[in-house]
Amino acid sequence: MIQLSHPLPGARLRLVRVSVEGKSVELDGHPTGFDVFPDREIIAMHVNGTPADLARALQEDDELEPINISSPEGLQILRHSVAHITAQAVQDIFEAKLGIGPPIEDGFYYDFMIDTPLTEEDLRKIQKRMKEIVKANQRFTRVVVDESTARWQMKNEPLKLELLDKRNESLDEGNVEVDSGELTIYQNIDPRTGEIKWQDLCRGPHVPNTRIADKGFALTRVSAAYWLGNQNNQSLQRVYGTAWPDAESLAEYQQRIEEAQRRDHRRLGQELDLFSFPSEIGSGLPVFHPKGGIMRQVMEDYSRKKHLEAGYEFVYSPHITKQNLFETSGHLQWYADGMFPPMHVDAEYDENGDLKRQGQDYYLKPMNCPFHILIYKSRSRSYRELPLRMFEFGSVYRYEKSGVIHGLTRVRGMTQDDAHLFVTQDDLEVEIEKVLRFVLDLLRDYGLEDFYLELSTKDGGEKFVGDDQAWELATATLKRVAESTGLELVPDPGGAAFYGPKISVQARDAIGRTWQMSTIQLDFNLPERFELEYVGSDGEKHRPIMLHRALFGSIERFFGVLTEHYAGHFPPWLAPVQVVCVPITEDQQPYLEQFANSLRSAGVRVEVDSTDERMQKKIRNHTLAKVPFIVIAGEKDAEANAVSFRFRDGTQRNGIELNMAAQEIVDAIESRKQV
RNA sequence: GCCGGCAUGGCGCAACUGGUAGCGCAUCCGACUUGUAAUCGGAAGGUUAGGGGUUCAAGUCCCCUUGCCGGCUCCA
């Protein structure tokens, strides 16, 4: 047993026995968490499993666990507290009403109702004020209130009053302001005067004082956000910030952001001359330049080869079709908003302007599935030919809302590496398993290694086709297959499309960001709508099950993801230019030309830099262009029948014999390894 | 779609409160011929995204359109 406080001799004691991290402790007087956790790194605690402020008075038999500022929960509390400081600063400077201010990944935000939008300069002012508040070391103080007191205290905060109204209706769990338990207000109190500087309706807990935020925070941006995330509600000003236990962690975070910016595929696409978005063409419609073009070709060719090996058949379909097809498929009912408007053709009018011939509407296709279905339906099918796997690099067009278009990751015109599989109920599980393994293997070949799976299931609601039993069976099958991979499986209840559950493959890139890649989607809907059939061994007609499967999602998006994953340092097999030869003087040019020719005949993408730049400049140019192999030869190399390698990271290897050099380059390309 | 910001030679940027558009890189020409990240000199290149307006005068102020950026909402 540990005695934490030392009572005066002879004083009468009121002893409180609590358990601290499983150890029994006796405390005297009116102890709080501060008595148990004096360490400055401990900013809050769990009391009987519930997070609480350190200032909370301890009760007999309380079980206490510390919350360290650097733990995930501690960081959330810190960030939430800094959100309060932000709000106080904003209200000190502007006439603003409070929205909500929760912690988010790596930071927090706070929403405000404010007449004039905030600017970058305002952000600096707010941050300056925040520093003053931090310095003043205000105490976060929790006050339990009843509803009428809360309403009185928040009488000038219309949005908070709205939250109190909502509390009486139904409350979302995880709401940081109020929950269905007791109502609390957090007051920021000046430690010298005891004056209440600011207060907010809030569930807490919070750090003990503003000083704890110290040097580890920064406001990052302002933007608009809808009140309660509903686009029918008013638009608020959202201030984003980040907060960390110390200045070093903040700097580290800021470096991480900079690193992500350096990797931004939009920037690298420009710098490396891979692709562009000519505004003349239209928003979200990329063109691939020769360097990006060859990369795409390599990516696609490799994918084709693998699909062929895995028993897929290649099909082709047009980019537009008559309206009727998308009526049958249901796309026009469900997704008309996301489709480009129709083009009306073939209508003819006489000289009076009267209709002579009925025209019709054609649509750009947003999906390939109806076309593949028509191929399936082109003749009757036997169970013997199932599973039937149709693959197409299918170009689709979706009318994405203007505000969501983003580089190559969200476009209006894209090419899906799309496959549709028609399977019997009996083959379903085996086939899903095959598809999932195929997908993971192929992604690994492109250099992504770290995956987890997400299982999107239906969650009540009416917007679903197919009977419950079919859903349950399909969901269970997907789950079994997903689990068999041994990868982490994250449930996504309610995430299913209306026509079927799905597994999606999420990949983590080189700097730990996750991207949704492939989806494997079950479809109960389309086989029904198109009345797909096959003849079984029993001679009867049966309905096949359809699987939709996009592997990269879209080539464009995958291209963008790979660009960011590799930061433009593509492995040789993908790099647009694999080798550049740099002669030290003009004299070595023919020597290197010959070497380059031998590589070229082995299929290597190689250039000889015969410009009259100095060789240092050439090395710089090709390093910046992120060419995997720079092959240098001077007089010494030529005499020795050798060349020198220089790599993107600046390392070099000199005097490599010509055949060895060529072999090494070809091997690196063929094995798809990174150099 | 919504809120805010931005748009200047191929690229990256400059031009104070309105006063006749500059720089670096890249490009082209010439000189130099060099062992691992920028040789020197010269030339050419812009109706300041497009359209309209205010003004003696607009890159700069106002309106519309297009595109981009940061978020929100959305993503079959």
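A strand here is a DSSP run of E with at least two residues, and strands are numbered from the N terminus. The model shown in these views is predicted.

**View 1. The largest pocket takes the largest share of its lining from strand β28.** β28 supplies five residues. This strand spans 514-523. α10, β24 (413-423) and β31 (545-550) also supply at least two residues each. The pocket holds about 1,300 Å³ of space. Its lining counts 43 residues, and M367, R398, E400, M414 and Q416 are the closest to the centre. By class, 18 lining residues are nonpolar, 14 are polar and 11 are charged.

**View 2. The second largest pocket lies between domain 2 and domain 3.** Both domains give residues to its lining, so the pocket sits between them. Its space is about 900 Å³. There are 28 lining residues; D106, R221, Y253, I257 and A260 are the closest to the centre. Helix α6 (247-263) is among the elements that supply at least two residues, along with β9, β13, β14 and α7 (265-271). α6 gives the most, with six residues. The lining divides into 10 nonpolar, 10 polar and eight charged residues.

**View 3. Chain A is divided into four parts, domains 1 to 4.** Domain 1 covers 2-68 and domain 2 covers 72-258. Domain 3 is written as 287-319 + 365-566, and domain 4 as 579-670. The C-alpha centres of domain 2 and domain 4 are 58 Å apart.

**View 4. Y302 and W573 form one of 27 aromatic pairs.** Their ring centres are 5.2 Å apart and their planes stand at 65°, so the pair is edge-to-face. Y302 lies in helix α8 (residues 290-309). W573 lies in the loop between α15 (555-566) and β32 (579-583). The pair therefore ties together parts that are 271 residues apart in sequence. Both Y302 and W573 are buried.

**View 5. W334 stacks with F498.** The rings lie 3.8 Å apart, centre to centre, with 15° between the planes. W334 is in helix α10 (residues 331-335). F498 is in the loop between β26 (489-493) and β27 (502-508), so the pair ties together parts 164 residues apart in sequence. W334 is partly exposed, at a relative accessible area of 32%. F498 is buried, at 5% relative accessibility.

**View 6. Two charged side chains sit over tryptophan rings.** R79 lies over the face of W244, 4.4 Å from the ring centre. The charged end of K155 is over the ring of W152, at 4.2 Å from its centre.

View 7. P205 lies in the loop between β12 (196-201) and β13 (217-226). P387 lies in the loop between α11 (369-376) and β23 (388-397).

**View 8. D106 and L228 have positive phi.** Neither residue is a glycine. Phi is about 65° at D106 and near 60° at L228. D106 lies in the loop between β8 (103-104) and β9 (107-114). L228 lies in the loop between β13 and β14 (235-243). D106 is buried, with a relative accessible area of 18%. L228 is partly exposed, at 39%.

How values were computed. Residues are numbered from 1 along each chain as its sequence is written. Chains are lettered from A and ligands numbered from 1 in the order in which they are written. This is a predicted model: local features need pLDDT of at least 70, side-chain atom pairs count only at pLDDT 80 or more; totals for chains, interfaces and linings use all residues. Side-chain values use heavy atoms; hydrogens and water are left out. Rings of Phe, Tyr and Trp (its six-membered ring) pair if their centres lie within 6.5 Å; planes under 30 degrees apart count as stacked, over 60 as edge-to-face and the rest as tilted. Helices (H or I, at least four residues) and strands (E, at least two) are DSSP runs, numbered from the N terminus. Buried means under 20% relative accessible area, exposed over 50%, partly exposed in between (1.4 Å probe, protein chains only). A charge sits over a ring if NZ of Lys or CZ of Arg is within 6 Å of the ring centre and within 35 degrees of the ring normal. Domain bounds come from an automatic or database domain assignment. On a 1 Å grid over the protein atoms alone, a cavity is a set of points where a 1.4 Å probe fits but cannot get out, and a pocket is an open set with protein on both sides within 12 Å along at least five of seven lines; lining residues have an atom within 4 Å of a point. Grid points are joined across faces, edges and corners, and a volume is the space filled by probe spheres set on the points. Ala, Val, Leu, Ile, Met, Phe, Trp, Tyr, Cys and Pro count as nonpolar, Asp, Glu, Lys and Arg as charged, and the others, Gly among them, as polar.
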